[in-house]
Amino acid sequence: MLWLVSAQLVNGIAIGMIYALMSFGLSIIKGLLNIPNFAHGALYALGAYICYSAVSMGLPFALGLLAAFAGAALAGWALQRFAIQPASKSGYLAQLVTLFGAALVIEQMLLIGWGTIGLSYSPPPLLRGAVNLGFTVVPKYIAFASVFSALVIVSVWLLIERTKFGAYLRAGIERPDTTRALGINVDLLLGVGMMMGAGLAGLAGGLALPLVGATSTMGGDMLGIAFVVLVIGGLGSLYGSVAAGVLVGVVQSLTAIAAPAASTAIIYAAMIGILLFRPQGLFGER
Amino acid sequence: MTEESLAASQAIPSVKAGRRTFALLKAFAAIAAVCVLPLVMPINIATEILIYGMFAMATNLLIGTAGLFSFGQAAFFGVGGYAAGYFLAHGWTSLPLVLFMAFASGGLLAAMIGGLIIRRLGIYFMMLTFAFNQLVYYVIYSWHSVTGGEDGLAGIRRPVLDLPLIGSFSFDDNRSLYGLVCVLFLLSIGVLARLVQSPFGLVLAAARQNSRRTISLGYHVPALQLAAYVIAGAVSGVAGALFGMLYRIMPIDSVHWAASAYVVFMVVIGGQRSMLGPVIGAAVFIWLQGLFSLAWTRWPLLLGLFVIIIMTYLPQGLVGLASQRWMRAIKRGARV
């Protein structure tokens, strides 16, 4: 039993880290542009497909991940430049609907480019197999995914909290008008922020590829989960989503031991519980 | 009293009468339009346009009037359709019963979800509507024994209306089903138009523009918003039931988040400031969907591009554009 529980715990942390990457990106975009990025799921799927193409062309997996980040970031920039920005003059609803439209376009392009059949990819030789820790066995890729995601999140955190660029970004999130008045190019900031958020979604997709493969529907499913994570973490806090992501992943994996069918339902139940008893989210302020 | 104000006070009754004539004219125009519709296109398409028109009008009560951006309305459309479809597929074919089931299940689900989320504002509210839509989709997808899961709920029969003295009337013929859809469509357009103009609708609109001020005037805004949410859910449920009757199947796609996005597209393409806007949006959308899906299997791509282009160049929607042109023409006329 301990064996099973700890194995699922490790699994849950890895999946949770991927949720955290997703929701962290969503959180940055939400903070800067003040919109829920409905195309975030599509960018996640895009990352998985790009990573698949890169590794099947013979590139190492690390470059595949980089390509997933870069490709999704580029798509995020295009989204900001050609869809969100032109629609911003027409109001809030127009921006949201545009993002929905963009999500449709991206998902259909994936189907055109890579076909309707789901793709799967096993991790590179170095990351295959498992490490025996005595009380449990940890697949190497699961360990890698967790550590790598943690490193990415920490470096983004350093970028936001410890650099001048990060200071601009935080200023842009908290007081966009004042920031603009200080002569900082907020539009550029929005573009870069969108690229970062989208890139993180793509990276999450690339990381998830060896675990769940690449399918055209993966984006919509993930978007629902990412929204739930954001609600549980609390919309007001940039980092709440990271903790909530890991938490959701772990809870989901542990539930899968007792009742596999209920593992998706449980996170929605958790969301309803949060709404009832702590509507500002676990880490949000009122 | 000056002459002008005297004239104005005398003008009021005639203005009122004028408004009543105008409303009557609009009602006749609506009836005439639904009668002409099946003559100019296949009856299935006409029926679908009216069904989605109902769905879009109900959604616009939230988006256009109350300013509640719900991105999860397909949950109510789907649940109404599945509830009615379940009864119809299992031999309960009484029309009032299935319509009531659809209305009640859509409204009840909206009351449950709305009760949880109606006080959440802005982005939070939108994300929650989306998440609950996913939850409903997931439940319907997994509950295979009742809903048919991935294959959708098949074997839906058309309802039968039992009238005392006259006998029973079945809707097996597509023309009679169209008649039923027309009646329900006109009924909902009338009820929703009345609601929007009623004090209830005015308070909702006031809360859309300035929620805090409306609350401080003593209106219980969340309760009224919840009522709007429930009404929209119930009407969407009926629309879903009609959809299931039309194609005799309730596909799982009808509860997918994309379906929620589509109905918001319809509202936005048409225009949010009138009853007619969402219906025209629905007509354009269904027509385009038919056209694109004939042309290419990847038709949602074209639909997405169309939406992005409309949002960039025509943010007020088609009806908004038409009325802008109209106003400009009137002004030009006045100048001459």
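Colleague: Why are strand E1 and strand E2 of chain B said to pair?

Modeller: Two strands pair if DSSP finds at least two bridges between them. B:Val160 stands opposite B:Ser170, and B:Leu161 has B:Phe169 as its bridge partner. The strands form a hairpin with 3 residues between them, and B:Leu165 in the turn has a positive phi of about 75°.

This is a predicted model, in which local features need pLDDT of at least 70, side-chain atom pairs count only at pLDDT 80 or more, and totals for chains, interfaces and linings use all residues. Residues are numbered from 1 along each chain as its sequence is written, chains are lettered from A and ligands numbered from 1 in the order in which they are written, and side-chain values use heavy atoms, with hydrogens and water left out.

Colleague: How do you know which part of chain B has the lowest confidence?

Modeller: One compares pLDDT, the predictor's confidence in each residue, from 0 to 100. In chain B, the lowest mean is 72, in helix H1 (residues 3-40), and the highest is 96, in helix H10 (residues 221-247). Helices (H or I, at least four residues) and strands (E, at least two) are DSSP runs, numbered from the N terminus.

Colleague: What makes up the side of chain B that touches chain A, by class?

Modeller: Contact means heavy atoms within 4.5 Å, and 35 residues of chain B are in contact with 46 residues of chain A. That side of chain B has 29 nonpolar (Ala, Val, Leu, Ile, Met, Phe, Trp, Tyr, Cys, Pro), 4 polar (the others, Gly among them) and 2 charged (Asp, Glu, Lys, Arg) residues.
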